[in-house]
Amino acid sequence: MMLTIQTFGLCERCAARMAYFFVNFAINTRSKGGNALRRSAYQRCSTSENALTDEAFDFSRKAEELAANGVLLPEGADPKFLDPNTLWQKVEAIEKRVNSQLARTMEISIPNEIPENLRDQFLIDMAQPFVERGFGVEWARHNDDGIFQEVENPHGHFQITMRPILGSE
């Protein structure tokens with residue numbers, strides 16, 4: 001299931017463009033070819049390797065797009081999961097079924113009106129309700145030139161565990 005919301009328009013009083021907002025929610029599922037490590041590598045514009053299948057993922061060509069990234073964990077979670085590879089290797093190992101749901105994903109535009117120095121906190125605040133409910137969240141902020149290469153396109157990616165993280169499991 002995927003839900004996409006887009007809004008944009010012109011301010012009638014001032015004839016100026018209003019903030020563009022986009023959000024996309026989805027489930028990363030193995031039955032549709034999903035892979036939590038591949039998604040993580042994409043979000044981090046980096047490389048990752050699945051220790052179980054020896055698959056390698058390389059999105060380092062997008063490195064100039066990555067502005068910031070991190071992992072948020074609930075209280076009591078093992079700090080080893082602050083490493084995205086460790087977190088998603090564990091998810092891939094636990095979810096064994098062919099039709100496993102590996103993670104929730106969310107992509108969100110960051111309004112250009114939010115100053116650069118507050119954009120990371122904006123994304124962290126968006127993820128906090130999931131963390132408070134016990135889920136691990138990997139987030140990344142990307143900047144690119146946008147689809148029309150006229151204005152910047154700051155946006156965030158989230159990959160959220162399907163199960164709460166309890167200690168080291």
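Reply: Buried means under 20% relative accessible area, exposed over 50%, and partly exposed in between (1.4 Å probe, protein chains only). The model is predicted: local features need pLDDT of at least 70 and side-chain atom pairs 80 or more, while totals for chains, interfaces and linings use all residues. Residues are numbered from 1 along each chain as its sequence is written, and side-chain values use heavy atoms, without hydrogens and water.

One may begin with helix α1, residues 36-44 (helices are DSSP runs of H or I with at least four residues, strands runs of E with at least two, numbered from the N terminus). Because seven of its nine residues are buried, α1 is largely enclosed by the rest of the structure. The buried residues are A36, L37, R39, S40, A41, Q43 and R44. After the helix comes C45, with a positive phi near 50°.

The account now turns to strand β8. Seven of the seven residues of β8 are buried, and the strand is thus described as mostly covered. From this strand H155, H157, Q159 and T161 point one way, whereas G156, F158 and I160 point the other way; the residues on both sides are buried. β8 also has partners (strands pair if DSSP finds at least two bridges between them). With β6 it pairs in the antiparallel sense over seven bridges, and E107 stands opposite H157 in β8. With β7 the pairing is again antiparallel, over six bridges, and here H142 stands opposite H155 in β8.

V23 is found in strand β2, residues 21-29, and is buried, with a relative accessible area of 5%. V23 and G156 are 133 residues apart along the chain, yet their C-alpha atoms are separated by 9.4 Å.

Beyond its neighbours within four places in sequence, W139 is in contact (heavy atoms within 4.5 Å) with Q43, A68, N69, G70, V71, L72, D120, L123, I124, H157 and F158.
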